[in-house]
Amino acid sequence: MEKQQSIIEFQRPFLSGRRTSAVLSILVMGAGQLNNRQYGKGIALMLLHFTGLYAVIAKLPHAVWALVTLGEKPTRLEKVGKLYQQVMGDHSIYLLVEGLIMIFLMFLLLAVYVQNIRDAYHCARLREEGVPLHTFRQTLHFLLDYRFPQIAIAIPVLGVVFFTVMPIVFMILLAFTDFTRSHMPPAQLINWHGLETFRDIFRLRVWSETFYGVTLWTLIWAVASTLTCFGAGFIIALAVQQKDIRFKKFWRTIFILPYAIPLFVSTLILRNVFNGQFGPVNDYLELMGFGRVPWLSDPEWAKLTLVLVNMLLGFPVIMLMIIGVLSTIPGDMYEAADIDGADGLQKLRLITFPTVMYTMMPILIMQFVANINNFNVIYLLTGGNPVNGNYQFAGHTDILITWLYKLSMEQGQYNFASVIGIFIFVLLSGFAIWSIRRTKSFKEERL
C-alpha cells in the first residue's frame, strides 16, 4: 500500500493543473513535459527550444533583413593604399534563398512549438484522470508501432516543402523583382519591383500578344497530343486483344521498345526524318509524285508534325495501359451482351469504353497536364521555330514552358520568366485539382 502510494506520489506533476503544464510549455518547450515527469521527451524538446532560440536571435533578423532589402552593398572597387581592389558585396539571390530557408525553418519550429503545448496540456489532463503516462521508451515504441505511417509520410512531406514548395515560392518572389541580365548579382543588386512585370505582360502589346498566342497554342497542343496518343493507343490495344489476332506476344513486345530508347534520341532522329530538304519522308513523297512538305519550316505544318511525332512516341505507353485494363474486363459481360443480341459497336460503347475511361481518366488528366509542360518534344524537334516576328523571344511552336526557358536561359529575362512560371503553376494546379475531383475514379471506390 505504501509502495503504491509512493508510485502515485511520484507520478504527480510538480505543479498541478493542465493549464500550468501548458503555460510552462509556452515559456520553454519541454518544461510542461518535465512538469508531467516525462523527462526524456522534455529534455529533447528543451534542447530543440534553445537551438531554435539561438536561430531566432542570431539568424532570423539577418534573414528578415535579407528578404526586405535583398542586399545593400554591391560589388565594387575600393582604393586600398595606392591600388583599387574588388570588394565583394551582397549577393541578392543568395540572400533571398537564405532568407527563405530560415523562414521555412521558423514555420517548422512553430509547428513543433504548438504541438509541444498541446502535448503538455493533453498529458497533464490524462494524469489528472489517473491515466499513467508513457515513459520516453514507451513513447518511442508507440510512435514506431502506431504512428509509423505518419512518420513515413512526414519525411517526404519535408522533402516536398523544401525541394518543391520553396522553389515555387522563390520563383514567385522573383516575379516581383527587377532580376534581369542587366541586374545580375553580384555586380548589381536586384530590387523589389512590385507588380510592374505583371503589368508589362498585359499592358505592352508585344508581350501580351506573345503571351496570349503562346498560351492558346499550349492548350491546343496539350489537348491534341493527349487525344491523339489515347486514340491511337486505344485502337491498337483493341486490335491486339482481338481473339483471332496472331502473334499477340510479338505485338505486345514490340511496342515496349520505345521504353528502351531514350526519348531525346528518338526525337532527334525524327527531326532528321521530317527534315524538309534532305529528310527521307520528303524524298519518298517526291518519288511518289507528291511535292515536298515543309514539315518543320511552315508554322502550321510544324505544329501538325509536333502532334504527329508526339503521338508516335507516346501511344505505345497508352496502348500497354489499355491492354492491362482490357484484360480485367470479365468475359461474362461480353457473353451476356452476345445473348442480348448486342453487336460489336454496342459492346464497345457500353462495356469496353466506359471501363477503360474509368481507369484511364486520371492518367489522361495527368498526361494532359504533362503535355502542357512537354518541353522535350517541342525543344528538340522544332526549338520553338519557325520564328514569329510578332512574338517577343518566342517562335510559332513555342509553348509556355519553352518560352519560359528562352526567357530565362537565353534572354536573361528572369522576372518575366517567373511570371510565366506562376501562370503555368496556377493553370496546371487548378486544372488538375478540379478535374481529378470531378472524375468518377476519385468519387467512387468501385466501378
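Reply: On a 1 Å grid over the protein atoms alone, a cavity is a set of points where a 1.4 Å probe fits but cannot get out, whereas a pocket is an open set with protein on both sides within 12 Å along at least five of seven lines, and lining residues are those with an atom within 4 Å of a point. Grid points are joined across faces, edges and corners, and the volume is the space filled by probe spheres set on the points. The model is predicted, so that local features need pLDDT of at least 70 and side-chain atom pairs count only at pLDDT 80 or more, while totals for chains, interfaces and linings use all residues. Residues are numbered from 1 along each chain as its sequence is written, and side-chain values use heavy atoms, with hydrogens and water left out.

Me: What volume does the second largest pocket have, and which residues lie nearest its centre?

Reply: Rolling a probe the size of a water molecule over the atoms shows where empty space is left. Here the second largest pocket has a volume of about 580 Å³, and among its 15 lining residues Q241, Q242, K243, Y334 and T352 lie nearest the centre. Helices (H or I, at least four residues) and strands (E, at least two) are DSSP runs numbered from the N terminus, and in those terms α16 (331-339) and α17 (344-372) each supply at least two residues of this lining. By residue type, where Ala, Val, Leu, Ile, Met, Phe, Trp, Tyr, Cys and Pro count as nonpolar, Asp, Glu, Lys and Arg as charged, and the others, Gly among them, as polar, the lining divides into five nonpolar, six polar and four charged residues.

Me: How much space lies in the largest pocket, and which element gives the largest share of its lining?

Reply: The largest pocket holds about 1,300 Å³ of space. It is lined by 30 residues, of which Q115, D119, T139, L143 and R147 are the closest to its centre. The elements giving two or more residues to this lining are α4 (39-58), α6 (92-128), α7 (136-146) and α8 (148-174), with α6 contributing the largest share at 10 residues. The lining of the largest pocket divides into 19 nonpolar, seven polar and four charged residues.

Me: How should I read the pairing of strands β1 and β2?

Reply: Two strands pair if DSSP finds at least two bridges between them. In this model, five bridges join β1 (residues 76-80) to β2 (residues 83-87), and the two strands run antiparallel. L77, for instance, has Q86 in β2 as its bridge partner. The two strands form a hairpin with two residues between them, and G81 in the turn has a positive phi of about 70°.

Me: Which residues other than glycine have a positive phi?

Reply: One of them is R37, with phi of about 65°, which is found in the loop between α3 (31-35) and α4. Another is L70, whose phi is near 60° and which lies in the loop between α5 (60-69) and β1. On the accessibility scale, buried means under 20% relative accessible area, exposed over 50%, and partly exposed in between (1.4 Å probe, protein chains only); L70, at 0%, is buried. The C-alpha atoms of L70 and L95, which are 25 residues apart along the chain, are separated by 6.2 Å.

Me: How many aromatic pairs does a search of the whole structure find, and what geometry does the pair of F179 and Y414 have?

Reply: Rings of Phe, Tyr and Trp (its six-membered ring) pair if their centres lie within 6.5 Å; planes under 30 degrees apart count as stacked, over 60 as edge-to-face and the rest as tilted. The search finds 19 aromatic pairs. The ring centres of F179 and Y414 are 4.5 Å apart and the planes meet at 20°, so this pair is stacked. It links distant parts of the chain, with F179 in the loop between α8 and α9 (196-203) and Y414 in helix α20 (residues 414-438), 235 residues apart. F179 is buried, at a relative accessible area of 8%.

Me: Where do F375 and Y405 lie?

Reply: F375 lies in helix α18 (residues 375-381) and Y405 in helix α19 (residues 400-410), so their pair ties together parts 30 residues apart in sequence. This pair is edge-to-face, at 5.1 Å centre to centre with 65° between the planes. F375 is partly exposed at 21% relative accessibility, and Y405 is partly exposed at 29%.
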